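The sequence and the structure are shown first.

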Amino acid sequence: MSITLRAARICAALLLACLLATAARAEPKPVRVGVIMQMSGPLAAYGQETWGVFKYMIDKINAAGGIKSLGGAKIELVLADDASVPSRAANEARRLITDERVDMLAGGLQTPEMLAISPVLDELKMPTLAMFPAGSASPYLFSLNFPYDRGYAKTMADFLAWLNKDKGWHIKNVALVYSNYEAGQKVNTALKERLPKLGFNIVGEVPLDPKANDQTAAMLRLRSLKPDATVGLVRVQDGALMDQARYSLKIKNILFVGGTGGFSDEVLWHDLGDKIGQETLCKDLFGLAIFSPGSNAPALRDLWADLQKNGHFDFPLGATGISGAQGARVVQRVLENAGSTDRDKLLAALKTVNFPPGDPDLYYIRPTGLSFGEDRAPKDSTGLLIQWQPDHTQQIVYPPQLATAEPRPMQ
Amino acid sequence: MRPDFFQFLRSPLLWIPVAIAACLPWGLSAYHLAIGTLALLYVSLALAWNVVGGIAGQISLANSVFVGTGALLASALYIRLGIDMWFGMVIAAAVSAILGVFMSLLDARFRLGHLSFALVTLAFAEIGELVVAGTDFLGGASGLDLPKDHGRFWLFEFGGGPGYFWAALVLALICLVVNQAILSSRLGYYLRALRDNEDAAQAIGIELFRSKATGMAISAALSSVAGTLFARYSNFVDPTLLASPNLTIEIVLIATIGGLGTPLGPLIAALVLIPVGEILRGQFGGTLPGLHFFLYGVLIIVVVLTSPQGIVPRLLSLRRRFRRA
């Protein structure tokens with residue numbers, strides 16, 4: 001009896017061991033991806049939108065079978081909040097790498113945060129994908145965003161030149177109107193170099209104070225400069241205040257060209273209301289955008305519909321969320337290509353990641369797709385210029401190969 | 001200098017914690033060491049502010065100007081002109097001290113009350129932030145990216161986590177000793193007399209401008225040195241942090257919660273609040289973003305309601321009561 005019982009116990013133990021071994025084979029070790037976002041502090045709106053969409057996409061990837069080259073390993077996200085403070089981002093990067101032992105880092109990092117965490121990445125040799133910095137200061141960090149010069153400034157300057165050359169417009173005198181913060185200043189510096197080379201005359205600068213509650217003074221100064229057009233990088237809140245001031249001062253005969261949020265974010269309609277929106281956004285204004293729901297690209301159209309229908313987000317979707325979705329797909333592609341969580345292999349996969357035009361996972365609208373250049377920024381940094389329609393939809397007017405409409409004449 | 005200052009310098013209660021702290025780099029993870037360094041930098045900032053805000057009782061909201069000067073000017077001199085950062089630190093401290101003296105001059109010249117002084121210094125802080133944002137030499141709104149640290153001490157490089165922790169520890173110790181030295185010196189008496197009753201203090205011969213300007217210059221110079229170290233430690237000089245009035249508010253809150261006028265208050269509050277905030281954010285930032293801000297708020301309300309003088313004075317009075325009992 002006791003021998004039978006012992007034999008039964010041994011059999012049961014063996015069976016359990018087999019089951020555990022099978023389970024272990026069935027459930028490969030998850031890949032831990034550390035995510036640094038601005039979940040609190042002044043940039044929380046950006047961080048929460050990016051995180052919401054990024055996580056939604058990663059959940060979808062996991063539900064679709066995870067990372068195939070790793071035997072279906074699921075991606076496990078470890079979120080860290082940097083409270084919108086660059087030095088805190090560096091600390092969180094260190095924690096995620098040394099304490100949480102993540103395999104790779106991603107984040108909705110902006111340029112100051114990228115600069116702050118770069119020494120940590122160099123020290124700990126951690127492959128990192130950042131969604132919003134305009135460049136990279138570490139050989140381990142790759143950015144999805146446009147560089148300030150060859151991305152933002154070049155697109156806007158080339159667009160003005162294209163209007164003159166191909167569309168017969170007569171723009172000569174340009175005023176630089178920009179939000180007076182880090183990115184605004186950097187793009188402005190690049191524009192000051194590019195515009196004169198294209199034959200434009202810079203008549204003055206109108207920096208928009210990011211702390212101001214009213215931009216009337218800035219618009220009065222702009223009117224006194226009598227430019228044909230304005231160009232510059234403007235944040236959403238400054239763009240809304242600028243348009244309110246434009247409306248109340250009845251500023252006409254000046255073409256407003258700029259990016260990104262302050263000209264092309266859907267939130268502007270909410271902030272301005274329909275009446276002011278019709279008079280400002282739909283007249284004499286072209287917005288630089290990284291993404292536009294007005295695009296005909298099937299991948300983006302499907303994603304947009306999916307996010308609208310199934311996302312159930314408690315924030316309005318915009319370009320930030322699309323960057324989150326694209327970031328998730330890049331993380332997936334890098335892990336698939338690396339087939340390993342070895343940091344050297346992940347770094348090599350980041351260097352060679354490629355989304356050709358027409359790729360079903362390419363949500364950014366780029367004529368030659370998405371891959372990284374030597375500077376670890378996207379090789380193709382062509383932005384889109386959009387114009388608003390009275391029904392709050394957008395039409396792409398530039399670059400010509402992606403255009404869905406002709407640029408509307410000045411009114 | 002009163003004899004109690006020398007007693008303080010000889011006290012094991014000072015040196016034993018310092019010795020223990022100096023050994024922490026061998027026991028802490030890189031992440032916890034970084035939190036320790038941050039806490040020590042805030043100790044220095046809070047103690048530097050305490051000279052004016054606590055001992056002299058003047059609510060100065062301009063310390064971000066001094067911290068920003070230390071961080072940005074020293075870094076800009078190094079990056080743009082190749083001036084050694086040690087020397088840059090001295091230049092920035094001198095500039096900050098001069099700015100501090102100028103603010104004191106305004107105070108003495110126009111006999112600003114405490115509230116007016118606070119508003120004037122707040123205006124300086126706001127102007128300072130705008131000046132930084134509009135000055136290319138100082139990096140504008142983008143800030144400055146310092147060259148990589150190769151551990152060359154003579155170039156103000158401390159070579160990674162432990163080096164910066166020890167540097168921050170030394171600076172915090174200097175700030176603590178300076179605070180105690182002021183309290184034990186004639187200047188400390190003058191400042192406290194001016195804090196309690198300016199007219200009476202002047203009536204007995206205390207020079208208003210000289211006393212306040214000296215306190216302000218010391219506070220500004222120490223803040224500036226902390227700013228320079230903060231910049232080199234971060235490698236990236238972030239003007240939105242180091243030149244923003246929000247930094248001063250944070251410093252004032254730490255010092256107020258700890259207890260004004262005593263060096264122990266800002267010291268303990270910074271050593272508790274900064275690590276707690278960082279660890280809370282690290283642990284709950286993913287699930288409960290902003291929890292550390294919430295707890296900060298709750299703590300301030302609790303301290304203001306239960307011990308308006310701050311935690312340390314409250315603990316000291318409880319200890320005295322306990323001893324009497």
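What distance separates the centres of domain 1 of chain A and domain 2 of chain A, taken over C-alpha atoms? In this predicted model, the two centres are 29 Å apart.

## Domains of chain A

The domain assignment divides chain A into domain 1, comprising 31–146 + 296–371, and domain 2, comprising 148–289 + 384–402. Nine residues from domain 1 of chain A and 15 residues from domain 2 of chain A take part in the contact between them. On the side of domain 1 of chain A that touches domain 2 of chain A, seven residues are nonpolar, two are polar and none is charged.

## The interface between chains A and B

The contact between the chains involves 27 residues of chain A and 25 residues of chain B. On the side of chain A that touches chain B, two or more residues are given by each of strand 2 (75–81), helix 3 (86–99), helix 4 (111–124) and helix 6 (182–197) of chain A. Helix 3 of chain A supplies the largest share, with nine residues. By class, this side of chain A holds 14 nonpolar, six polar and seven charged residues.

## Chain B as a whole

Chain B contains 15 helices and two strands. Its radius of gyration is 19 Å, close to the 20 Å that the globule rule gives for 325 residues, so chain B is as compact as a globular protein of that length. Along the principal axes, the C-alpha atoms of chain B fill a box of roughly 55 × 45 × 40 Å.

Of the 325 residues of chain B, 51% count as buried. Among the contacts in chain B between residues at least 6 apart in sequence, 78% join residues at least 24 apart.

## Helix 8 of chain A

Helix 8 of chain A covers residues 236–249, and its 14 residues should span 20 Å at 1.5 Å a residue; the end C-alpha atoms are 20 Å apart, which agrees. The buried residues of this helix include Val236(A), Leu241(A) and Met242(A), as well as the charged side chains' positions Asp238(A), Asp243(A) and Arg246(A).

Which elements do the buried residues of helix 8 of chain A pack against? They pack against strand 6 (173–179), strand 7 (201–208), helix 7 (216–225), helix 9 (261–264) and helix 10 (267–280) of chain A. Just after helix 8 of chain A, Lys250(A) takes a positive phi of about 55°.

## Local backbone geometry

Most residues other than glycine have a negative phi, and most peptide bonds are trans. Against that background, the peptide bond from Gly259(A) to Thr260(A) is cis, with omega near -20°. Thr260(A) is placed in the loop between strand 9 (255–259) and helix 9 of chain A. Another cis peptide bond joins Tyr398(A) and Pro399(A), where omega is about 5°. Pro399(A) is found in the segment after strand 14 (394–398) of chain A.

Positive phi values also occur in loops of chain A. Lys125(A), with phi near 55°, lies in the loop between helix 4 and strand 4 (128–130) of chain A. This residue has 13 other C-beta atoms within 10 Å and is therefore partly exposed. His392(A) has phi near 75° and occupies the loop between strand 13 (384–388) and strand 14 of chain A. His392(A) counts as partly exposed because it has 16 C-beta neighbours inside 10 Å.

How values were computed: Residues numbered from 1 in each chain as written. Chains lettered and ligands numbered in written order. Predicted model: local features only at pLDDT ≥ 70, side-chain atom pairs only at ≥ 80, totals over all residues. Contact = placed C-beta atoms within 7 Å. Helix = DSSP H or I, 4+ residues; strand = E, 2+ residues; numbered from the N terminus. Domains from an automatic or database assignment. Rg over C-alpha atoms; globule rule 2.2 N^0.38 Å. Buried ≥ 20, exposed ≤ 12 C-beta atoms within 10 Å, placed from the backbone. Expected span 1.5 Å × (residues − 1).
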